[in-house]
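I opened my notebook to get my bearings in a structure I had not seen before. Here is what I looked up, entry by entry.

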Amino acid sequence: MAKPRRRYACTACGSLAQRWQGQCPDCGEWNTLAEEAPATVFSARHDLSSGGRAITFAAMDTADAALLRRSTGLAEFDRALGGGLVPGSAVLMGGDPGIGKSTLLLQAAAAVAKGGASAIYISGEEAASQVRLRAARLGLSDAPISLAAAGSVRDILTSLHALPPPALLVIDSIQTMHSDTIEGAPGTVSQVRGCAFELIRYAKESGAALVLVGHVTKDGAIAGPRVLEHMVDVVMSFEGERSHQYRILRSLKNRFGPVDEIGVFAMEGAGLVEVANPSTLFLTTSQEPVSGSAVFPALEGTRPVLVEIQALIVRLASGATPRRAVVGWDGGRLAMLLAVLEARCGLNFASAEVYLNVAGGYRLADPAADLAVAAALVSALADKPLTSGAVWFGEVSLAGEVRSVAHASLRLREAAKLGFESGHGPGDPSAGEGGLRFCPVHRLPNLVDRIMGGE
Ligand code: TYD
Ligand code: MG
(Lines give C-alpha, C1' and ligand atoms only; values in the text may rest on other atoms or scores of the structure.)
(Ligands and ions follow the chains in the order given, each with its own letter.)
Protein backbone atom coordinates (compact mmCIF):
# COMPACT_ATOMS: atom_id res chain seq x y z
CA MET A 1 0.00 0.00 0.00
CA ALA A 2 1.29 3.46 -0.86
CA LYS A 3 2.46 5.44 2.14
CA PRO A 4 0.11 8.35 2.85
CA ARG A 5 1.76 11.60 1.81
CA ARG A 6 2.73 14.08 4.48
CA ARG A 7 0.91 17.40 4.42
CA TYR A 8 1.58 20.60 6.26
CA ALA A 9 -1.04 23.15 7.25
CA CYS A 10 -0.47 26.74 8.31
CA THR A 11 -1.81 27.29 11.82
CA ALA A 12 -2.50 30.93 11.08
CA CYS A 13 -4.35 30.83 7.76
CA GLY A 14 -5.02 27.12 7.24
CA SER A 15 -3.45 26.84 3.79
CA LEU A 16 -1.88 23.48 2.86
CA ALA A 17 1.63 22.77 1.59
CA GLN A 18 3.28 19.55 0.44
CA ARG A 19 6.55 20.23 2.23
CA TRP A 20 7.63 22.08 5.32
CA GLN A 21 8.81 25.66 4.92
CA GLY A 22 9.83 28.28 7.44
CA GLN A 23 7.37 30.83 6.09
CA CYS A 24 3.81 30.22 4.99
CA PRO A 25 3.67 31.01 1.24
CA ASP A 26 0.09 32.27 1.60
CA CYS A 27 -0.05 34.53 4.66
CA GLY A 28 3.67 35.14 5.15
CA GLU A 29 3.69 34.14 8.86
CA TRP A 30 6.85 32.45 10.09
CA ASN A 31 7.02 29.04 11.77
CA THR A 32 3.36 28.30 11.38
CA LEU A 33 3.44 25.18 9.17
CA ALA A 34 2.68 22.02 11.16
CA GLU A 35 2.28 18.47 9.98
CA GLU A 36 -1.31 17.39 9.46
CA ALA A 37 -2.72 13.90 9.87
CA PRO A 38 -2.85 12.17 6.48
CA ALA A 39 -6.15 12.69 4.67
CA THR A 40 -8.70 10.03 5.50
CA VAL A 41 -10.43 8.28 2.65
CA PHE A 42 -14.13 8.43 3.35
CA SER A 43 -15.99 5.30 2.38
CA ALA A 44 -18.80 3.13 3.60
CA ARG A 45 -16.47 1.91 6.35
CA HIS A 46 -16.50 5.46 7.73
CA ASP A 47 -20.25 5.87 7.87
CA LEU A 48 -20.80 8.46 10.59
CA SER A 49 -24.57 8.11 10.69
CA SER A 50 -24.58 5.59 13.51
CA GLY A 51 -22.57 4.66 16.58
CA GLY A 52 -22.40 8.18 18.11
CA ARG A 53 -23.95 9.43 21.31
CA ALA A 54 -27.32 11.16 21.03
CA ILE A 55 -27.21 14.89 21.66
CA THR A 56 -30.18 16.67 23.17
CA PHE A 57 -31.84 19.56 21.42
CA ALA A 58 -33.42 22.34 23.44
CA ALA A 59 -35.89 25.10 22.65
CA MET A 60 -34.65 28.63 22.13
CA ASP A 61 -36.43 29.96 25.21
CA THR A 62 -34.86 27.53 27.66
CA ALA A 63 -34.44 29.17 31.06
CA ASP A 64 -30.63 29.39 31.14
CA ALA A 65 -30.61 31.56 28.02
CA ALA A 66 -30.79 34.62 30.27
CA LEU A 67 -27.21 35.84 30.66
CA LEU A 68 -26.03 36.55 34.12
CA ARG A 69 -23.41 39.22 34.09
CA ARG A 70 -20.93 40.10 36.77
CA SER A 71 -19.73 43.64 37.26
CA THR A 72 -16.00 44.26 36.94
CA GLY A 73 -16.40 46.93 39.62
CA LEU A 74 -15.49 49.58 37.04
CA ALA A 75 -18.61 51.01 35.42
CA GLU A 76 -16.73 52.13 32.30
CA PHE A 77 -15.28 48.62 31.81
CA ASP A 78 -18.79 47.14 32.25
CA ARG A 79 -20.18 49.58 29.73
CA ALA A 80 -17.57 48.63 27.09
CA LEU A 81 -18.34 44.95 27.76
CA GLY A 82 -22.02 45.59 27.14
CA GLY A 83 -23.02 45.28 30.80
CA GLY A 84 -20.32 43.29 32.60
CA LEU A 85 -18.48 39.99 32.39
CA VAL A 86 -20.38 36.90 31.28
CA PRO A 87 -19.43 33.79 33.31
CA GLY A 88 -17.65 31.18 31.21
CA SER A 89 -16.76 33.71 28.52
CA ALA A 90 -13.33 34.68 27.21
CA VAL A 91 -12.24 38.25 26.60
CA LEU A 92 -9.12 39.19 24.64
CA MET A 93 -7.71 42.58 25.64
CA GLY A 94 -5.27 44.12 23.17
CA GLY A 95 -3.36 47.37 23.38
CA ASP A 96 0.04 48.98 22.94
CA PRO A 97 2.70 48.23 25.55
CA GLY A 98 2.48 50.56 28.53
CA ILE A 99 -1.04 51.76 27.72
CA GLY A 100 -2.40 50.37 31.01
CA LYS A 101 -3.81 46.88 30.38
CA SER A 102 -2.21 45.33 33.44
CA THR A 103 -3.27 48.29 35.56
CA LEU A 104 -6.88 48.10 34.37
CA LEU A 105 -7.13 44.36 34.96
CA LEU A 106 -5.48 44.52 38.35
CA GLN A 107 -8.00 47.20 39.35
CA ALA A 108 -10.88 45.10 38.01
CA ALA A 109 -9.60 41.97 39.81
CA ALA A 110 -9.30 43.95 43.02
CA ALA A 111 -12.85 45.26 42.68
CA VAL A 112 -14.24 41.77 42.00
CA ALA A 113 -12.29 40.35 44.97
CA LYS A 114 -13.40 43.15 47.27
CA GLY A 115 -16.98 42.43 46.19
CA GLY A 116 -16.66 38.99 47.76
CA ALA A 117 -16.06 36.87 44.62
CA SER A 118 -12.74 35.24 43.93
CA ALA A 119 -10.33 36.75 41.42
CA ILE A 120 -7.12 35.20 40.19
CA TYR A 121 -4.42 37.23 38.45
CA ILE A 122 -1.65 35.29 36.75
CA SER A 123 1.25 37.24 35.33
CA GLY A 124 3.69 35.72 32.89
CA GLU A 125 5.46 39.04 32.42
CA GLU A 126 6.17 40.32 35.89
CA ALA A 127 7.28 38.68 39.12
CA ALA A 128 4.66 38.49 41.86
CA SER A 129 6.64 41.09 43.82
CA GLN A 130 6.38 43.54 40.91
CA VAL A 131 2.63 43.03 40.67
CA ARG A 132 2.38 43.53 44.43
CA LEU A 133 4.37 46.74 44.14
CA ARG A 134 1.98 47.98 41.49
CA ALA A 135 -1.00 47.02 43.66
CA ALA A 136 0.55 49.02 46.51
CA ARG A 137 0.90 52.06 44.22
CA LEU A 138 -2.75 51.67 43.32
CA GLY A 139 -3.77 51.41 46.96
CA LEU A 140 -5.02 47.87 46.44
CA SER A 141 -2.68 45.95 48.73
CA ASP A 142 -5.58 44.83 50.89
CA ALA A 143 -7.63 43.38 48.00
CA PRO A 144 -7.96 39.59 48.41
CA ILE A 145 -6.74 38.73 44.90
CA SER A 146 -4.96 35.40 44.39
CA LEU A 147 -1.76 36.36 42.65
CA ALA A 148 0.74 34.16 40.82
CA ALA A 149 3.62 34.51 38.41
CA ALA A 150 3.52 31.55 36.05
CA GLY A 151 3.82 30.70 32.39
CA SER A 152 3.14 27.00 32.12
CA VAL A 153 -0.46 26.31 31.17
CA ARG A 154 -0.14 22.79 32.59
CA ASP A 155 0.90 24.20 36.01
CA ILE A 156 -1.83 26.81 35.84
CA LEU A 157 -4.61 24.39 34.92
CA THR A 158 -3.47 21.77 37.46
CA SER A 159 -3.57 24.41 40.19
CA LEU A 160 -6.89 25.84 39.05
CA HIS A 161 -8.55 22.41 39.02
CA ALA A 162 -7.63 22.02 42.69
CA LEU A 163 -9.49 25.24 43.56
CA PRO A 164 -13.12 26.32 43.34
CA PRO A 165 -13.48 28.20 40.01
CA PRO A 166 -12.81 31.93 40.35
CA ALA A 167 -15.30 34.54 39.14
CA LEU A 168 -12.52 36.28 37.22
CA LEU A 169 -9.31 34.82 35.83
CA VAL A 170 -6.79 37.22 34.30
CA ILE A 171 -3.91 35.88 32.20
CA ASP A 172 -1.32 38.60 31.54
CA SER A 173 -0.36 37.87 28.77
CA ILE A 174 -1.26 35.04 26.38
CA GLN A 175 2.07 35.57 24.54
CA THR A 176 4.02 34.57 27.66
CA MET A 177 2.12 31.30 28.20
CA HIS A 178 3.50 27.98 27.03
CA SER A 179 2.26 24.43 26.88
CA ASP A 180 4.59 21.42 26.99
CA THR A 181 2.36 19.56 24.55
CA ILE A 182 3.12 22.02 21.78
CA GLU A 183 6.47 22.69 20.17
CA GLY A 184 7.90 26.16 19.91
CA ALA A 185 8.77 29.03 22.21
CA PRO A 186 6.11 31.09 24.04
CA GLY A 187 4.57 33.65 21.72
CA THR A 188 4.75 31.53 18.57
CA VAL A 189 1.48 31.15 16.74
CA SER A 190 0.98 27.50 17.65
CA GLN A 191 1.78 28.12 21.33
CA VAL A 192 -0.53 31.14 21.56
CA ARG A 193 -3.33 29.23 19.89
CA GLY A 194 -2.85 26.05 21.90
CA CYS A 195 -2.59 27.83 25.26
CA ALA A 196 -5.61 30.00 24.52
CA PHE A 197 -7.58 26.91 23.54
CA GLU A 198 -6.82 25.16 26.85
CA LEU A 199 -7.54 28.24 28.97
CA ILE A 200 -10.80 28.98 27.14
CA ARG A 201 -11.88 25.37 27.61
CA TYR A 202 -11.24 25.74 31.33
CA ALA A 203 -13.34 28.93 31.40
CA LYS A 204 -16.24 27.29 29.55
CA GLU A 205 -16.22 24.25 31.82
CA SER A 206 -15.77 26.08 35.11
CA GLY A 207 -17.86 29.18 34.46
CA ALA A 208 -14.96 31.52 35.25
CA ALA A 209 -14.81 34.73 33.23
CA LEU A 210 -11.43 34.70 31.50
CA VAL A 211 -9.54 37.79 30.37
CA LEU A 212 -6.48 37.22 28.18
CA VAL A 213 -4.12 40.12 27.62
CA GLY A 214 -2.79 40.17 24.06
CA HIS A 215 0.21 42.07 22.74
CA VAL A 216 -0.24 44.25 19.74
CA THR A 217 2.06 44.36 16.74
CA LYS A 218 3.41 47.57 15.21
CA ASP A 219 0.47 47.85 12.84
CA GLY A 220 -2.05 47.55 15.65
CA ALA A 221 -3.23 43.95 15.19
CA ILE A 222 -3.23 41.57 18.13
CA ALA A 223 -0.02 39.54 17.82
CA GLY A 224 -0.60 35.89 17.07
CA PRO A 225 -3.02 34.13 14.85
CA ARG A 226 -6.21 35.80 13.73
CA VAL A 227 -7.90 32.62 14.91
CA LEU A 228 -7.39 33.88 18.48
CA GLU A 229 -9.98 36.53 17.71
CA HIS A 230 -12.37 33.85 16.52
CA MET A 231 -11.81 31.71 19.60
CA VAL A 232 -12.77 34.33 22.17
CA ASP A 233 -16.21 35.83 22.79
CA VAL A 234 -15.12 39.43 23.17
CA VAL A 235 -12.19 41.32 21.64
CA MET A 236 -11.37 44.65 23.28
CA SER A 237 -8.75 47.20 22.53
CA PHE A 238 -7.35 49.67 25.03
CA GLU A 239 -6.30 52.77 23.16
CA GLY A 240 -4.78 56.16 23.68
CA GLU A 241 -1.56 58.06 23.27
CA ARG A 242 0.91 57.25 25.99
CA SER A 243 1.84 60.90 26.27
CA HIS A 244 -1.78 61.81 26.97
CA GLN A 245 -3.81 61.02 30.01
CA TYR A 246 -6.95 59.61 28.43
CA ARG A 247 -7.54 55.98 27.54
CA ILE A 248 -10.44 54.51 25.62
CA LEU A 249 -11.61 50.94 26.01
CA ARG A 250 -13.40 49.78 22.90
CA SER A 251 -14.95 46.45 22.07
CA LEU A 252 -14.19 45.27 18.55
CA LYS A 253 -16.19 42.05 18.75
CA ASN A 254 -18.78 41.07 21.33
CA ARG A 255 -20.88 37.94 21.22
CA PHE A 256 -23.01 39.22 24.09
CA GLY A 257 -23.56 42.88 23.38
CA PRO A 258 -23.11 45.90 21.14
CA VAL A 259 -19.65 46.88 19.90
CA ASP A 260 -19.99 50.60 19.71
CA GLU A 261 -19.94 51.53 23.40
CA ILE A 262 -16.67 52.78 24.82
CA GLY A 263 -15.27 53.12 28.31
CA VAL A 264 -13.21 56.21 29.07
CA PHE A 265 -10.47 56.37 31.69
CA ALA A 266 -7.80 58.84 32.74
CA MET A 267 -4.38 57.46 33.74
CA GLU A 268 -3.42 59.22 36.93
CA GLY A 269 -0.82 58.80 39.63
CA ALA A 270 -2.97 56.28 41.45
CA GLY A 271 -4.07 54.28 38.42
CA LEU A 272 -6.97 54.51 36.04
CA VAL A 273 -9.82 56.76 37.01
CA GLU A 274 -13.18 56.43 35.31
CA VAL A 275 -14.46 59.36 33.31
CA ALA A 276 -18.23 59.19 33.38
CA ASN A 277 -18.91 62.23 31.21
CA PRO A 278 -16.29 62.43 28.47
CA SER A 279 -18.03 64.92 26.18
CA THR A 280 -15.64 67.81 26.83
CA LEU A 281 -12.41 65.89 27.48
CA PHE A 282 -10.94 66.32 24.06
CA LEU A 283 -11.57 70.03 23.75
CA THR A 284 -8.75 72.39 24.51
CA THR A 285 -9.70 75.36 26.59
CA SER A 286 -7.95 78.08 24.62
CA GLN A 287 -9.73 81.42 24.95
CA GLU A 288 -8.11 83.11 21.96
CA PRO A 289 -9.59 82.09 18.61
CA VAL A 290 -6.85 80.46 16.50
CA SER A 291 -6.91 79.53 12.85
CA GLY A 292 -7.00 75.87 11.88
CA SER A 293 -9.08 74.65 14.79
CA ALA A 294 -12.55 73.11 14.36
CA VAL A 295 -14.77 71.20 16.77
CA PHE A 296 -16.37 67.94 15.66
CA PRO A 297 -19.29 66.42 17.58
CA ALA A 298 -18.26 62.75 17.54
CA LEU A 299 -20.42 59.92 18.73
CA GLU A 300 -19.17 56.88 20.59
CA GLY A 301 -21.96 54.37 20.87
CA THR A 302 -24.70 56.39 22.46
CA ARG A 303 -22.38 59.01 23.95
CA PRO A 304 -21.49 62.25 22.21
CA VAL A 305 -17.87 63.40 22.56
CA LEU A 306 -16.76 66.80 21.30
CA VAL A 307 -13.33 66.66 19.70
CA GLU A 308 -11.05 69.43 18.54
CA ILE A 309 -9.36 69.04 15.17
CA GLN A 310 -6.26 71.14 14.53
CA ALA A 311 -4.67 71.85 11.17
CA LEU A 312 -1.45 73.68 10.41
CA ILE A 313 -0.34 74.71 6.94
CA VAL A 314 3.19 75.85 6.22
CA ARG A 315 4.00 77.31 2.82
CA LEU A 316 7.29 76.07 1.39
CA ALA A 317 9.50 78.54 -0.41
CA SER A 318 11.45 76.07 -2.50
CA GLY A 319 10.36 73.09 -4.54
CA ALA A 320 11.03 70.56 -1.76
CA THR A 321 8.43 67.78 -1.41
CA PRO A 322 5.92 68.97 1.18
CA ARG A 323 5.09 66.76 4.14
CA ARG A 324 1.66 65.58 5.15
CA ALA A 325 1.50 64.33 8.73
CA VAL A 326 -1.61 63.23 10.54
CA VAL A 327 -2.22 62.08 14.11
CA GLY A 328 -5.54 60.55 15.14
CA TRP A 329 -7.10 60.36 11.68
CA ASP A 330 -6.62 58.36 8.48
CA GLY A 331 -3.81 59.67 6.25
CA GLY A 332 -5.54 58.38 3.12
CA ARG A 333 -8.70 60.27 3.97
CA LEU A 334 -6.69 63.47 4.49
CA ALA A 335 -5.14 63.06 1.03
CA MET A 336 -8.62 62.57 -0.42
CA LEU A 337 -10.00 65.64 1.29
CA LEU A 338 -7.06 67.78 0.12
CA ALA A 339 -7.64 66.55 -3.43
CA VAL A 340 -11.35 67.41 -3.23
CA LEU A 341 -10.56 70.88 -1.86
CA GLU A 342 -8.11 71.44 -4.71
CA ALA A 343 -10.29 70.04 -7.49
CA ARG A 344 -13.70 71.34 -6.40
CA CYS A 345 -12.88 74.55 -4.57
CA GLY A 346 -9.75 75.70 -6.41
CA LEU A 347 -7.60 75.83 -3.26
CA ASN A 348 -3.89 75.14 -3.57
CA PHE A 349 -2.13 72.91 -1.07
CA ALA A 350 0.48 71.67 -3.56
CA SER A 351 3.46 73.62 -2.22
CA ALA A 352 2.39 73.54 1.43
CA GLU A 353 3.13 71.19 4.29
CA VAL A 354 -0.07 69.98 5.95
CA TYR A 355 -0.24 68.81 9.56
CA LEU A 356 -3.43 67.49 11.09
CA ASN A 357 -3.91 66.57 14.72
CA VAL A 358 -6.88 65.32 16.69
CA ALA A 359 -6.48 66.83 20.17
CA GLY A 360 -6.05 64.81 23.34
CA GLY A 361 -4.82 61.60 21.71
CA TYR A 362 -8.29 60.78 20.42
CA ARG A 363 -8.59 58.60 17.31
CA LEU A 364 -11.33 59.41 14.83
CA ALA A 365 -12.73 56.88 12.38
CA ASP A 366 -16.15 58.40 11.68
CA PRO A 367 -16.47 59.79 8.11
CA ALA A 368 -18.76 62.43 9.61
CA ALA A 369 -15.56 64.22 10.68
CA ASP A 370 -14.78 65.14 7.05
CA LEU A 371 -16.43 68.55 7.19
CA ALA A 372 -14.72 69.50 10.46
CA VAL A 373 -11.35 68.50 8.99
CA ALA A 374 -12.10 70.46 5.82
CA ALA A 375 -13.10 73.49 7.92
CA ALA A 376 -9.85 73.25 9.93
CA LEU A 377 -7.80 72.97 6.71
CA VAL A 378 -9.49 75.92 5.00
CA SER A 379 -9.22 78.01 8.14
CA ALA A 380 -5.51 77.19 8.44
CA LEU A 381 -4.90 77.92 4.75
CA ALA A 382 -6.68 81.29 4.97
CA ASP A 383 -5.16 81.92 8.42
CA LYS A 384 -8.62 82.92 9.62
CA PRO A 385 -10.09 81.52 12.83
CA LEU A 386 -13.49 79.85 12.48
CA THR A 387 -16.55 81.41 14.12
CA SER A 388 -16.20 80.67 17.81
CA GLY A 389 -18.70 78.35 19.45
CA ALA A 390 -19.31 76.33 16.27
CA VAL A 391 -19.39 72.59 15.59
CA TRP A 392 -18.92 71.02 12.14
CA PHE A 393 -19.99 67.64 10.81
CA GLY A 394 -20.79 65.91 7.50
CA GLU A 395 -19.29 63.37 5.14
CA VAL A 396 -17.60 64.81 2.04
CA SER A 397 -17.94 63.04 -1.31
CA LEU A 398 -15.43 63.13 -4.16
CA ALA A 399 -17.81 65.47 -5.97
CA GLY A 400 -17.44 67.95 -3.14
CA GLU A 401 -20.94 67.39 -1.75
CA VAL A 402 -21.56 67.22 1.97
CA ARG A 403 -23.61 64.15 2.82
CA SER A 404 -25.82 63.72 5.83
CA VAL A 405 -24.63 61.56 8.71
CA ALA A 406 -26.23 59.48 11.42
CA HIS A 407 -27.57 61.01 14.64
CA ALA A 408 -27.24 64.66 13.58
CA SER A 409 -29.77 65.81 16.18
CA LEU A 410 -28.03 63.95 19.01
CA ARG A 411 -24.73 65.61 18.06
CA LEU A 412 -26.34 69.06 17.93
CA ARG A 413 -28.21 68.57 21.20
CA GLU A 414 -24.99 67.76 23.07
CA ALA A 415 -23.19 70.73 21.49
CA ALA A 416 -26.06 73.00 22.55
CA LYS A 417 -25.93 71.60 26.08
CA LEU A 418 -22.25 72.49 26.27
CA GLY A 419 -22.88 76.08 25.22
CA PHE A 420 -22.01 75.90 21.52
CA GLU A 421 -23.91 78.46 19.49
CA SER A 422 -23.92 77.19 15.93
CA GLY A 423 -23.84 73.89 14.06
CA HIS A 424 -22.64 73.54 10.47
CA GLY A 425 -23.48 70.51 8.37
CA PRO A 426 -25.88 69.08 5.83
CA GLY A 427 -29.56 69.46 6.72
CA ASP A 428 -32.43 71.84 7.02
CA PRO A 429 -32.04 75.30 8.67
CA SER A 430 -34.73 74.22 11.14
CA ALA A 431 -32.47 71.43 12.43
CA GLY A 432 -31.12 73.56 15.31
CA GLU A 433 -31.48 72.06 18.77
CA GLY A 434 -31.82 73.68 22.19
CA GLY A 435 -31.00 77.25 21.19
CA LEU A 436 -28.23 76.29 18.75
CA ARG A 437 -28.40 77.93 15.33
CA PHE A 438 -28.05 75.52 12.41
CA CYS A 439 -26.26 76.72 9.26
CA PRO A 440 -26.61 74.19 6.42
CA VAL A 441 -23.57 73.35 4.25
CA HIS A 442 -24.38 71.16 1.28
CA ARG A 443 -21.30 71.66 -0.87
CA LEU A 444 -17.65 72.25 0.01
CA PRO A 445 -17.47 75.52 -2.01
CA ASN A 446 -20.21 76.87 0.38
CA LEU A 447 -17.89 76.05 3.29
CA VAL A 448 -14.95 77.83 1.65
CA ASP A 449 -17.09 80.92 0.94
CA ARG A 450 -18.37 80.91 4.51
CA ILE A 451 -14.87 80.79 5.99
CA MET A 452 -13.18 83.11 3.52
CA GLY A 453 -16.12 85.51 3.71
CA GLY A 454 -15.81 85.51 7.52
CA GLU A 455 -19.48 84.69 8.04
P1 TYD B 1 0.68 48.96 32.39
O2 TYD B 1 -0.61 48.63 33.03
O3 TYD B 1 1.89 48.26 32.86
O4 TYD B 1 0.59 48.81 30.82
P5 TYD B 1 0.48 47.48 29.92
O6 TYD B 1 0.13 46.35 30.80
O7 TYD B 1 -0.61 47.84 28.94
O8 TYD B 1 1.78 47.34 29.24
O9 TYD B 1 0.83 50.54 32.51
C10 TYD B 1 2.05 51.10 32.63
C11 TYD B 1 1.99 52.58 32.48
O12 TYD B 1 1.03 53.21 33.25
C13 TYD B 1 3.32 53.09 32.94
O14 TYD B 1 3.91 53.77 31.86
C15 TYD B 1 3.05 53.99 34.07
C16 TYD B 1 1.59 54.25 34.02
N17 TYD B 1 0.97 54.23 35.36
C18 TYD B 1 0.51 55.40 35.92
O19 TYD B 1 0.61 56.48 35.32
N20 TYD B 1 -0.09 55.37 37.16
C21 TYD B 1 -0.21 54.22 37.84
O22 TYD B 1 -0.77 54.23 38.96
C23 TYD B 1 0.28 53.01 37.25
C24 TYD B 1 0.16 51.69 37.98
C25 TYD B 1 0.85 53.06 36.02
MG1 MG C 1 1.33 44.70 31.23
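**Entry 1: what I am looking at.** I noted before anything else that this is a predicted model.

**Entry 2: the nine-stranded sheet.** I traced an open sheet of nine strands with mixed pairing. I wrote its order down as β6-β5-β7-β8-β4-β9-β10-β11-β12. Which strands stand at the edges? They are β6 (146–149) and β12 (271–274). Each has a single partner strand, so one side of each is left without a neighbour in the sheet.

Entry 3: I picked β5 (residues 119–123) and β7 (residues 168–172). They pair in the parallel sense, over five bridges. In this pair I found S123 opposite D172 of β7.

**Entry 4: a helix on the sheet.** Next I followed helix α2 (residues 101–114), which packs on the sheet.

**Entry 5: around ligand 1.** I counted 16 residues around ligand 1, and G98, K101, S102, T103 and G271 come nearest. Which element gives the most to this shell? It is α2, with three residues. By class, I get five nonpolar, six polar and five charged residues in the shell.

**Entry 6: polar contacts of ligand 1.** At T103, an N or O atom in the side chain is 2.6 Å from an oxygen atom of ligand 1. At G98, a polar backbone atom is 2.7 Å from a ligand oxygen. At G269, a backbone N or O atom lies 2.9 Å from an oxygen atom of ligand 1. How much of the ligand does the protein bury? Taken alone, ligand 1 exposes 560 Å², and the protein buries 74% of that. The elements that give two or more residues to the shell are α2, α3 (128–137) and β11.

**Entry 7: the three-stranded sheet.** I then turned to an open sheet of three strands, ordered β2-β1-β3, with antiparallel pairing. Its edges are β2 (16–17) and β3 (33–36); each has a single partner strand, so one side of each lacks a neighbour in the sheet. I looked at β1 (residues 7–10) and β3, which run antiparallel and are joined by four bridges. C10 stands opposite L33 in β3. A reminder to myself: strands of a sheet pair through backbone hydrogen bonds, either parallel or antiparallel.

**Entry 8: two backbone details.** I went back to D172, the residue opposite S123. A cis peptide bond joins D172 to S173, with omega at about 5°. S173 itself lies in the loop between β7 and α5 (189–206). My other find was D383, which has a positive phi of about 50° although it is not a glycine. I placed D383 in the loop between α8 (370–382) and β17 (390–392).

How values were computed: Residues are numbered from 1 along each chain as its sequence is written. Chains are lettered from A and ligands numbered from 1 in the order in which they are written. This is a predicted model: local features need pLDDT of at least 70, side-chain atom pairs count only at pLDDT 80 or more; totals for chains, interfaces and linings use all residues. Side-chain values use heavy atoms; hydrogens and water are left out. Two strands pair if DSSP finds at least two bridges between them. Contact means heavy atoms within 4.5 Å. Axes are lines fitted to C-alpha atoms, for helices over the stretch in contact, and angles run from 0 to 180 degrees between N-to-C directions. A residue is near a molecule or strand if one of its heavy atoms lies within 4 Å of it. A polar contact is a pair of N or O atoms within 3.5 Å; within protein, one must be able to donate a hydrogen and the other to accept it, and residues adjacent in sequence count only if both atoms are side-chain atoms. Accessible areas come from the Shrake-Rupley method with a 1.4 Å probe; for residues, only the protein chains shown count as cover. Ala, Val, Leu, Ile, Met, Phe, Trp, Tyr, Cys and Pro count as nonpolar, Asp, Glu, Lys and Arg as charged, and the others, Gly among them, as polar.
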